[in-house]
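Hi,

Here is the structure I said I would pass on.

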Amino acid sequence: QVQLVESGGGLVQPGGSLRLSCAASGSIFSIYAMGWYRQAPGKQRELVARITSGGVTNYADSVKGRFTISRDNAKNTVYLQMNSLKPEDTAVYYCNADLETGWATILGNDYWGQGTQVTVSS
């Protein structure tokens, strides 16, 4: 199993910055990629950013140039640096882990953090 613990959310003014953290524990050797998703009230959950074990990153078009995903392997932690925040970035942000295919068949592949609220407002 994999456990994910998120932190760093809060209230910020438009144009401000926040950094989200997601610490993974458990069967971390099984993780292929980790990513951040967000869900606003009444909206579908959407991918924000993703990073593979090899360091390949992917971003939603809406956050390109503003958000940066990174990882600290020594701490088993993934970060999401969010700059130039906009009101439309307001959502609950969730950390997600994708397991390697072989491990997913054993451990499952539905691992999410508890979510952290990000509110961008004046």
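This is a predicted model: local features need pLDDT of at least 70, side-chain atom pairs count only at pLDDT 80 or more; totals for chains, interfaces and linings use all residues.

The disulfide first. The count comes to 1 disulfide, and it joins Cys 22 to Cys 95 with an S to S distance of 2.1 Å. The pair ties together distant parts of the chain: Cys 22 sits in strand 3 (residues 18–26) and Cys 95 in strand 9, 73 residues apart. As for handedness, the torsion about the S-S bond of Cys 22 and Cys 95 is about -85°, so this disulfide is left-handed. Both Cys 22 and Cys 95 are buried.

Now the backbone. Most residues other than glycine have a negative phi, which is the reason I flagged the next two.

Asn 76 is not a glycine, yet its phi is positive, at about 50°. You'll find Asn 76 in the loop between strand 7 (67–72) and strand 8 (77–82). Its relative accessibility is 30%, so Asn 76 counts as partly exposed, since that class runs between the 20% and 50% cut-offs.

Ser 84 is the other one: a residue other than glycine with a positive phi, near 50°. Ser 84 lies in the loop that runs between strand 8 and strand 9 (91–99). With 40% relative accessibility, Ser 84 counts as partly exposed too.

So where does strand 8 come in? The Asn 76 loop lies between strand 7 and strand 8, and the Ser 84 loop between strand 8 and strand 9.

Cheers

Methods
Residues are numbered from 1 along each chain as its sequence is written. Side-chain values use heavy atoms; hydrogens and water are left out. Helices (H or I, at least four residues) and strands (E, at least two) are DSSP runs, numbered from the N terminus. Buried means under 20% relative accessible area, exposed over 50%, partly exposed in between (1.4 Å probe, protein chains only). A disulfide is a pair of cysteine sulfur atoms within 2.5 Å.
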